[in-house]
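I opened the model and went through a few of its elements one at a time. These are my notes.

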Amino acid sequence: MSQPARFERIDGVGVVTLDNPPVNALSLELRISVRDAFAQGMDDPQVGAFVLTGGGRMFSAGADITEFESGRSNESPTLRDLIDLVEDSPKPVVAAMHGNAMGGGLELPLACHARVAASGTRIGLPEVNIGIVPGAGGTQRLPRVVGVQAALDIIVSGKPITAEKALPAGLVDEVVPSGGDLVAAAVALAKRLATSATPPQKTRDRDDKLAEARANPGLFDDYRKSIARRSRGFEAPFACIDCVEAAVSKPFEEGLKFERDTFQTLRTSGQAKALRHVFFAERQVTKVRGVGPDTKELPIRKGVVLGCGTMGGGIAMCFANAGIPVTVREHEQAALDRGMDVIRKNYAATVSKGRMSQEAMDVCMGLITPTLDFDAAVTDADIVIEAVFENMDLKREIFDKLDKLCRPDAVLATNTSSLDVNEIAAVTSRPQQVLGLHFFSPANVMKLLEIVRGEKTSPEVLATAMSLSKKLGKVGVVVGVCDSFAANRSLYAYTRQAGFLIEEGALPEQVDRVITDFGFPMGPFAVGDLAGIDVGYKIRQHRGIPEGRYSDIADKLYEMGRYGQKTGKGWFRYEDGRTPIPDPEVTELILETSKRLGIQRREISDEEILQRCMYPLINEGARILEEGIVERSSDLDLIWLYGYGFPRYRGGPMFWADQLGVKHVLGVLEAFHEEQPDWLEPAPLLEKLAKEGGTFGGWSAE
Ligand code: T1G
């Protein structure tokens with residue numbers, strides 16, 4: 001059986017190569033093999049130095065995350081043992097990195113006596129993204145190599161830097177241009193170190209780069225303040241700052257212990273479990289029934305978007321941002337001019353915030369071609385995305401025309417957020433080419449893309465849509481056809497109850513406070529004002545709402561001309577355009593509504609508000625899962641994280657339900673159902689899992 005680490009001698013240097021595909025995760029087997037490889041070289045008199053490199057497409061993605069639950073990450077030799085072995089090696093060790101060097105896959109090189117990287121290598125400590133701190137010395141050694149400020153930026157953001165940036169930062173000693181021989185460059189450097197008069201300094205002994213921070217201890221509190229808003233609710237980013245502060249304020253060994261204790265505490269925390277779940281969910285979502293790595297994809301070199309309204313314009317920007325030429329078509333000049341103007345203003349706003357250069361904006365605008373000419377636009381398109389008004393007859397008429405005009409291999413997509421994709425596909429002679437691509441508003445910002453698989457959509461078209469989703473920087477989740485698909489359908493279960501809660505005794509500001517305290521960026525009523533009370537009203541008027549009663553207070557707001565942020569008044573009043581202020585006029589309307597409905601208002605606890613908002617969406621999620629609308633519960637979790645801002649550190653509604661205990665969720669829903677016999681009937685799957693002690697995460701249709 002081949003060893004997960006190879007040893008060979010090259011020119012008097014022992015080259016140890018990590019060989020644990022696909023990402024050289026530092027599993028127990030690999031750690032044992034690396035230890036043995038170094039032992040082989042230590043005893044070999046013809047070996048004067050070492051090079052540590054990675055086989056395959058990268059150096060290493062770090063510790064094996066799958067070992068965290070089992071605790072195998074603590075079995076000897078641990079990563080820390082390997083780090084001590086390398087740092088204390090009497091023979092210099094040079095790390096040769098390519099592709100990715102992440103987490104433990106950087107902590108090991110940080111203990112080496114020098115580092116060489118191939119051009120373009122991504123180097124970082126992303127542990128914060130999975131709810132932990134670097135646990136093998138990264139928070140103690142990185143500040144000693146790149147300085148405290150740079151170390152904080154790398155560790156707290158979890159974002160990698162490139163080799164080209166790492167060189168001036170002092171993180172790597174040499175960058176090998178692409179096409180160059182990385183290992184040869186590392187062997188040459190190792191030989192120079194081995195023959196140098198002065199032995200290389202151990203990273204742990206370097207102190208010079210800490211001096212600046214020692215002179216400015218306030219730096220850490222300033223840093224905590226600077227991340228307070230974007231890291232609201234997360235534990236790990238602040239723990240990372242504490243560890244780097246310990247590197248400055250404590251001797252190395254004490255700092256290392258502080259980091260270790262912090263790591264161990266976080267490793268088993270609820271947030272770390274949730275964020276690990278999200279890590280694997282983001283990998284699982286790309287695995288779709290009937291679509292394999294060898295499923296042929298259709299080329300998407302140019303696209304067409306029909307409709308240049310809020311959605312159409314945003315979708316066109318997605319294509320341009322991805323460098324794909326796109327034609328956007330409107331039915332009249334005024335609408336086209338208006339739409340193009342919104343696109344231009346969106347880009348200009350990004351440029352004015354310094355998040356995009358004027359040149360980049362010009363390139364994107366150059367990739368967007370406005371037109372009124374339907375036929376010319378679609379005839380040679382690789383993909384057409386229809387983003388017109390949410391009306392079935394209009395969409396069927398358009399797809400009938402597309403069927404006659406488009407190339408046989410063109411992908412025909414509808415951006416409907418709720419209508420029956422099979423019914424739309426049925427008007428064409430090529431339903432296998434048709435699917436739904438449901439973008440979320442604003443389409444150029446929201447990362448979620450619901451890829452709606454019609455009953456006849458071909459695997460090739462699905463594979464094409466999934467890879468396009470990646471190119472557009474989206475998280476594509478494949479869902480089946482049902483009313484409002486998976487996203488809006490589960491959303492309605494939540495927003496409907498929010499409406500009932502304010503009829504029964506709560507107020508919008510109370511509901512929104514509970515939901516934002518739970519971790520959402522906004523509550524349902526502030527979201528209503530952002531999306532537009534008028535938009536919600538028109539959708540309800542046009543397509544009706546799923547069966548059953550809903551609170552009609554929003555309709556009253558519409559009739560009062562309170563459309564939300566755009567009119568400065570909606571559920572709330574807005575003086576600065578964005579900050580919701582409770583409005584007595586709305587409170588009065590709500591009290592009147594309760595009276596009109598004969599509801600005796602009552603005190604409603606924050607706990608009940610949270611349960612009444614979240615448990616119904618979990619329940620609807622269970623129905624969506626058992627109907628096979630999504631392939632796995634973690635897909636629904638991603639829909640809520642990327643579509644509606646469900647707090648990432650809770651893992652998503654279905655994962656959260658598993659943490660709460662399915663039995664508990666069922667019990668609460670049954671109690672609510674008694675109060676509301678029309679609503680909240682527990683889903684059969686929820687009852688089944690509660691009875692069998694199962695979890696959503698462990699359930700699958702197969
Ligand atoms: N452990 C286990 N499996 C991993 C893994 C890891 N660290 N990284 C990736 N995989 C699996 C992944 O699930 C997928 O599996 C396959 O490899 C390909 O991954 C002490 C404790 C490196 C940028 O957080 O960010 O070190 O789906 O599709 O797009 O301080 O993987 O095929 O079955 O993502 O080319 C810190 C995590 C660990 C980096 C490559 N490291 N990985 O992206 O491939 S904690 C990380 C990534 C740590 C120490 C601590 C990315 C990548 P499957 P992929 P990719």
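For the burial entries I count a residue as buried when its relative accessible area is under 20%. The model is a predicted one.

Helix α14. I looked up the burial of this helix first. By that cut-off Met-311, Gly-312, Gly-313, Gly-314, Ile-315, Ala-316, Met-317, Cys-318, Phe-319 and Ala-320 of α14 are buried. That makes 10 of the 12 residues of α14, so I noted the helix as largely enclosed by the rest of the structure. I then checked the length of α14, which covers residues 310-321. At 1.5 Å a residue its 12 residues should span 16 Å, and the end C-alpha atoms are 17 Å apart, which agrees. Just after α14, I found Gly-323 with a positive phi of about 80°.

Strand β4. I asked how many residues of β4 (residues 93-97) are buried. The count is 5 of the 5, so this strand too I noted as largely enclosed by the rest of the structure. Val-93, Ala-95 and Met-97 point one way from β4, while Val-94 and Ala-96 point the other way; buried residues are found on both sides. I looked up the pairing next. Strand β3 (residues 49-54) pairs with β4 in the parallel sense over 4 bridges, and Val-51 has Val-94 as its bridge partner in β4. Strand β6 (residues 114-118) also pairs with β4 in the parallel sense, over 4 bridges. There, Ala-95 stands opposite Arg-115 of β6.

Asp-44. I found this residue in the loop between α1 (28-42) and β3. Its relative accessible area is 14%, so Asp-44 counts as buried. Not counting residues up to four places away in sequence, I see Asp-44 touching Arg-9 and Lys-91.

The open sheet. I traced 3 strands in the order β5-β7-β8, with mixed pairing. β5 (100-102) and β8 (161-162) stand at the edges with a single partner strand each, so one side of each has no neighbour in the sheet. β7 (residues 122-124) pairs with β8 in the antiparallel sense over 2 bridges, and I located Ile-123 opposite Ile-161 in β8. Helix α4 (residues 104-111) lies across β5 and β7. I noted its direction as about 85° to β5.

Helices α21 and α28. I asked at what angle the axes of α21 (residues 487-504) and α28 (residues 633-644) cross. They cross at roughly 75° and come within 10 Å. Since 65 to 115 degrees counts as roughly perpendicular, I put α21 and α28 down as roughly perpendicular to each other. On the α21 side I listed Ala-487, Asn-488, Ser-490, Leu-491 and Tyr-494 in the contact, and on the α28 side Leu-636, Ile-639, Trp-640 and Tyr-644.

Gln-676. I placed this residue in the loop between α30 (662-675) and α31 (684-692). Is Gln-676 buried or exposed? Its relative accessibility is 12%, so Gln-676 counts as buried. Leaving aside neighbours within four places in sequence, I find Gln-676 in contact with Gln-497, Phe-500 and Arg-612.

How values were computed:
Residues are numbered from 1 along each chain as its sequence is written. This is a predicted model: local features need pLDDT of at least 70, side-chain atom pairs count only at pLDDT 80 or more; totals for chains, interfaces and linings use all residues. Side-chain values use heavy atoms; hydrogens and water are left out. Two strands pair if DSSP finds at least two bridges between them. Contact means heavy atoms within 4.5 Å. Axes are lines fitted to C-alpha atoms, for helices over the stretch in contact, and angles run from 0 to 180 degrees between N-to-C directions. The expected span of a helix is 1.5 Å times one less than its number of residues. Buried means under 20% relative accessible area, exposed over 50%, partly exposed in between (1.4 Å probe, protein chains only). Angles under 35 degrees count as roughly parallel, over 145 as roughly antiparallel, 65 to 115 as roughly perpendicular and the rest as oblique.
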